[in-house]
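Please keep the sequence and the coordinates at hand while reading.

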Amino acid sequence: MKKLLSGNEALALGAYHAGVAVAAAYPGTPSTEILEHLAQFKDIYAEWSTNEKVAMEVGLGASYAGVRALVCMKQVGLNVASDPFMAASTTGIDGGLVVVTADDPGAHSTQGEQDSRHYAKMAKVAVLEPSDSQEAYDLMLYAFDISERFDTPVMLRSTTRISHSNSLVEIRRERMKPKQAAFRHDVQKYVMLPVYARMRRPLLEERLAKLATFAETFPYNKIVKGGTKLGIVSSSVAYQYAREIFPEASFLKLGMTYPLPQALIRKFAGSVDKVLVVEELDPFLEEHIRVLGIKVIGKEFIPRFGELDLHVMEDAGRRAGLLFAASKSQPVELPQGLPGRPPLLCPGCPHTGMFFVLSNLGQRARLLDDSGKAKGESKMIITGDIGCYTLGAYPPLRAMDTTACMGASIGKALGMEKAGVAQKVVAVIGDSTFMHSGITGVVDAVYNQSQITIVILDNSSTAMTGHQHHPGTGVSVQGEVTMPVDIEKLVKGIGVSDVKVVDAFDIKALRAAMRSSLDTPDLSVVIVRGTCAVLQKKRTRPRTIDVALCDNCGTCIKIGCTAIQKLDDQVSIDAMLCVGDACTVCQQLCPKKAIGPVSTASGESK
Amino acid sequence: MNKQDIFMVGVGGQGIVLASDILGQVALTAGYDVKKTDTLGMAQRGGSVVSHVRIAQQVHAPLIQEGEADMLVAFEKLEAARWGYFLKPGGLAIVNNHAMPPLSVSLGVACYPSDEEVKDILKRCTDKICFINGTSQAKGLGDIRTINMLMLGCISSFLPIDIKIWQECITRGLPQKILKVNLAAFDLGRKDMVDVHLG
């Protein structure tokens with residue numbers, strides 16, 4: 001029977017059926033759901049790891065112990081995990097080790113685009129790329145076999161569109177029985193002292209050559225015969241767009257994109273008049289094929305950045321002179337000037353109050369224009385991090401000056417301070433990101449006698465990726481209670497003496513804590529605690545505005561709460577969206593005391 | 001049935017992804033190939049949400065091509081205007097007559113389009129524009145969140161798939177305790193479309 005599965009569900013099911021025994025990941029869109037699906041199977045050990053590096057090491061350890069292991073991450077997660085990833089390539093494996101990296105062409109939910117396949121080339125490991133959910137399932141089964149057969153970790157590269165598209169999957173197998181864990185001592189294989197590392201080095205080249213030979217007959221590297229005028233080499237979802245736009249072309253569809261099957265490529269190129277390479281992001285296949293001396297066209301027409309789709313594909317085909325018929329669809333004049341709907345902090349978000357306080361203390365509304373450029377001298381520099389709270393950078397809050405990568409806020413703040421900026425530097429980081437890679441920054445700040453203020457926004461959740469647990473919550477991916485890591489004790493233990501814990505919805509307390517931290521010459525940490533609005537189950541008395549008292553001053557609008565709306569010059573609060581008693585930030589801030597709970601407000605408003 | 005590219009748009013929190021999931025199950029149960037994908041921003045709530053559902057004998061690309069959608073199903077008016085250009089010429093636009101002003105409108109830096117402006121924008125692609133009072137109908141049922149099943153009901157009247165399959169897939173996809181009101185919403189949406197015909 002066929003099932004409609006997302007790419008991530010199919011990857012999880014494939015790994016399960018391949019007999020995976022240990023799975024580890026750190027949440028990251030678009031890869032998060034793989035581990036969530038795997039965690040539903042009780043006969044697997046699955047964990048949210050502290051970060052991707054630890055996840056990779058957990059996977060590697062399980063593999064060394066002889067069982068099959070899966071490690072999942074988004075593409076920037078592989079940057080974090082790259083050290084053990086390279087090491088895994090050098091030592092090789094025992095139990096099959098598959099590393100899923102989910103790239104994000106178009107940067108839908110990432111700080112940038114990145115083509116992970118380059119890592120595989122650097123590490124000299126095989127890359128498999130599914131083009132739909134069926135292949136996600138099938139290739140995952142193959143990935144473990146290839147890993148064990150060639151003594152190598154295997155990269156399975158997904159993309160946002162593969163991971164988050166649902167398509168039909170024929171389930172072909174039952175779960176293979178996992179092996180019993182047993183570590184085979186082998187110092188020359190597992191202890192990478194330089195002397196042994198040098199001994200492993202030629203083996204990597206041999207392995208790569210063997211993989212290239214294997215790629216020639218790998219069933220998912222296949223020629224789809226069509227006309228002889230145009231031959232298209234493609235992989236992943238790009239193949240699907242090309243199939244639809246060029247129905248008459250022949251295709252070399254690559255399920256394994258590193259190392260490449262040279263003879264198969266030559267044979268294919270020789271059978272068509274012209275070769276087009278279609279791939280998202282970098283010209284990875286294209287450059288390898290060009291090196292073979294084969295004339296191809298590709299990135300001069302296919303964009304190097306952004307997500308491909310049928311429109312982009314058709315446009316590229318036209319510019320390449322490969323499509324002659326008029327477009328089926330007429331170009332329509334796009335609507336101009338419609339208000340955007342960017343992602344914003346949710347109504348009742350526990351980050352909003354602190355950002356409002358930071359925005360006002362730094363006088364940012366006055367000093368920064370809508371694009372975040374300074375009109376005057378700012379009072380404070382806020383280095384930010386990765387999570388929902390990055391949205392605090394948008395107007396009207398504008399309470400973030402930098403965001404680079406996971407955990408960077410603290411190091412960046414320290415660097416700015418030591419560089420000698422005149423302003424106080426505040427680092428803002430979420431609880432899960434702090435666990436992921438903020439802790440070492442605090443150690444550095446203590447050690448090097450920093451004077452920055454670190455604000456840890458603790459909503460007890462990895463909220464942006466869909467509310468996963470992390471070491472601070474003390475609940476496992478299966479929902480079982482474990483040992484929570486206490487952030488307050490942790491930072492005190494590192495050596496920060498000025499540590500305050502504040503209620504995220506108490507504006508006065510937030511302001512007092514920030515004022516005191518900004519005045520002190522010492523390193524300080526402010527932990528802001530409040531439940532994520534989405535996890536806030538109690539929806540009590542929404543706030544409403546007494547129009548008799550409201551003088552339309554606009555203070556509540558500046559909170560940036562999407563429940564507070566202004567249409568036709570009257571402000572109102574959407575009762576559906578307001579979380580009620582759990583928040584009350586607008587009520588605390590209203591200078592006219594015009595905001596109160598629905599049942600007690602004297603006036604009526606809509 | 002020829003291919004049906006159904007483009008569903010709205011605001012995070014309106015239940016679009018669940019509706020398109022169920023639509024996918026319906027197509028699968030009826031024996032079609034189907035691909036569906038959602039483009040979500042980073043927001044949990046309040047951001048623009050788009051769901052592509054492609055149903056045919058064989059589907060390759062998961063994303064609908066601009067100017068090729070057979071149906072635009074808009075849960076919110078501004079989103080209808082924003083995404084109207086995905087409709088094929090003469091395609092059907094089903095628009096929930098409901099406005100959710102984004103923050104930029106509340107802040108006074110942008111204007112919410114009038115109903116006439118929304119219609120004019122959609123008319124660039126099609127004359128087949130159906131406004132329905134879905135949100136107030138859902139409110140009338142006692143649960144505004146049933147808007148997604150109501151919109152699904154609208155879609156159902158244009159696909160040659162047995163109503164039993166729709167009901168079965170909704171039953172499988174929703175918790176028992178909210179099933180009745182959602183099936184009622186589905187029926188309302190279906191009835192909203194009785195006089196509308198695809199050309």
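Thr383(A) stands opposite Ala427(A) in S15(A), where helices (H or I, at least four residues) and strands (E, at least two) are DSSP runs numbered from the N terminus. This is a predicted model, in which local features need pLDDT of at least 70 and side-chain atom pairs count only at pLDDT 80 or more, while totals for chains, interfaces and linings use all residues. Residues are numbered from 1 along each chain as its sequence is written, chains are lettered from A and ligands numbered from 1 in the order in which they are written, and side-chain values use heavy atoms, with hydrogens and water left out.

Strand S14 (residues 380-383) of chain A pairs with strand S15 (residues 424-430) of chain A in the parallel sense over four bridges; two strands pair if DSSP finds at least two bridges between them. Together with helix H16 (residues 408-419) of chain A, S14(A) and S15(A) make a right-handed β-α-β unit, right-handed meaning that, with the strands pointing away from the viewer, the path from the first strand over the helix to the second runs clockwise. In a regular strand the side chains alternate between the two faces of the sheet. In S14(A), Met380(A) and Ile382(A) on one side and Ile381(A) and Thr383(A) on the other are all buried, that is, under 20% relative accessible area, with exposed over 50% and partly exposed in between (1.4 Å probe, protein chains only).

A search of the whole structure finds 16 aromatic pairs over all chains; rings of Phe, Tyr and Trp (its six-membered ring) pair if their centres lie within 6.5 Å, and planes under 30 degrees apart count as stacked, over 60 as edge-to-face and the rest as tilted. The ring planes of Tyr142(A) and Phe218(A) stand at 85° with the centres 5.1 Å apart, so this pair is edge-to-face. It links Tyr142(A) in helix H6 (residues 133-150) with Phe218(A) in the loop between helix H9 (194-217) and strand S9 (221-224), 76 residues apart in chain A. Tyr142(A) counts as partly exposed at 28% relative accessibility, whereas Phe218(A) is buried at 1%.

Charged ends also sit over rings, a term that requires NZ of Lys or CZ of Arg within 6 Å of the ring centre and within 35 degrees of the ring normal.

| Charged residue | Ring | Distance from ring centre |
|---|---|---|
| Arg243(A) | Phe251(A) | 5.8 Å |
| Lys253(A) | Tyr239(A) | 5.5 Å |
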